[in-house]
Amino acid sequence: MTQQPRKVCFMTGGSGRLASQVACGLAQEGYDIFFTWHQSKARAEATLDELRHHAFGSAMTQCDIASVADIRRAFTEFREHFGRLDLLITAASNFFGTSLGEISEKEWDQLTDTNLKGTFFTMQEGMNLMKEQPFVSRIITITDISANLTWTGFAPYTASKAGVQHLTRIFAKACAPTILVNSIAPGTFTMNPDWNNEQDLEEELRHKIPLKRLGEPAELLSAIRFLAENSYMTGQVINIDGGRLLY
Ligand SMILES: NC(=O)c1ccc[n+]([C@@H]2O[C@H](COP(=O)([O-])OP(=O)(O)OC[C@H]3O[C@@H](n4cnc5c(N)ncnc54)[C@H](OP(=O)(O)O)[C@@H]3O)[C@@H](O)[C@H]2O)c1
């Protein structure tokens, strides 16, 4: 009997607070993971150690997603390690507040170069690789429910995420029928440890979430699992937010 090859997932930002837990969940479900990190080497190494408990073939590379040359180098490295790509997840993202009246060009570029431009060129590389494969593969972009909200203190971040949701639909149309492209837009799953009023903010957020709590990584993983298995859904955005968008 011939053995089924192991599935492979390429994930940008795979060492992120939420993304690393999704990566570990996928590794436990039989995926080998190739992920990118940017500045947090120790966190990336810890993530790789954890992944290798479940998926020994996992690997990582440092990559600045804001640089197209770096993205292309990461994909070349990926091709050298792995013979297939089943699932591409774009999770690398920059997140900080910006004052609408005072935002600088540098801040704008830092946010949009990583979140929008970088995601586009990651999807382009993923699409080109997947098109060579004789089987159905999938791209999942991780966006944010704020793409549908008007957070005046986060304009470049939210505009980038809205842009990625639009790119998701464009790639879905262009890549059909062999590559399915969807987006998952999380509500709040983790609080930012850099915020000094974290507890008050969390309390305030809970009031705006009908399910009255933050999301759990396992709940995001179950949405990813659904998209990774479903074969008749493309160009969609799944908001997973405890009902926050109803508020
Ligand atoms: N956590 C939430 O509650 C939440 C809510 C809504 C949406 N999301 C979305 O879910 C995804 C995962 O979230 P998370 O909490 O895991 O994010 P996170 O903890 O903020 O981590 C962000 C990741 O992106 C990487 N990154 C940042 N700038 C980069 C750059 N220029 N080049 C390459 N990588 C870069 C970071 O790498 P280094 O640390 O190595 O620099 C890190 O791995 C993100 O797309 C986020 O926008 C999360």
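Biologist: How many helices and strands are there in the protein chain?

Modeller: Bear in mind that this is a predicted model. Read along the sequence, the pattern goes β-α-β-α-β-α-β-α-β-α-β-α-α-β. Count up the elements in the protein chain and you get seven helices and seven strands.

Biologist: What radius of gyration does the protein chain have, and why does it agree with a compact globule?

Modeller: The C-alpha atoms fill a box of roughly 60 × 40 × 35 Å along the principal axes. For 247 residues, a compact globule would come out near 18 Å, so the chain agrees with its own value of 18 Å.

Biologist: Leaving aside neighbours within four places in sequence, which residues is Met11 in contact with?

Modeller: With the neighbours within four places set aside, its partners are Ala19, Ala23, Ile33, Phe35, Ile89 and Ala91.

Biologist: How do the residues of the shell around the ligand divide into nonpolar, polar and charged?

Modeller: The ligand has 28 residues surrounding it, and the closest are Gly13, Gly16, His38, Ser40 and Ser93. Sorted by type, the shell comes to 13 nonpolar, 12 polar and three charged.

Biologist: Among contacts between residues at least 6 apart in sequence, what share joins residues at least 24 apart?

Modeller: Buried residues make up 40% of the chain. As for those contacts, the share joining residues at least 24 apart is 74%.

Methods. Residues numbered from 1 in each chain as written. Predicted model: local features only at pLDDT ≥ 70, side-chain atom pairs only at ≥ 80, totals over all residues. Near = placed C-beta within 6 Å. Nonpolar A, V, L, I, M, F, W, Y, C, P; charged D, E, K, R; others polar. Contact = placed C-beta atoms within 7 Å. Helix = DSSP H or I, 4+ residues; strand = E, 2+ residues; numbered from the N terminus. Rg over C-alpha atoms; globule rule 2.2 N^0.38 Å. Buried ≥ 20, exposed ≤ 12 C-beta atoms within 10 Å, placed from the backbone.
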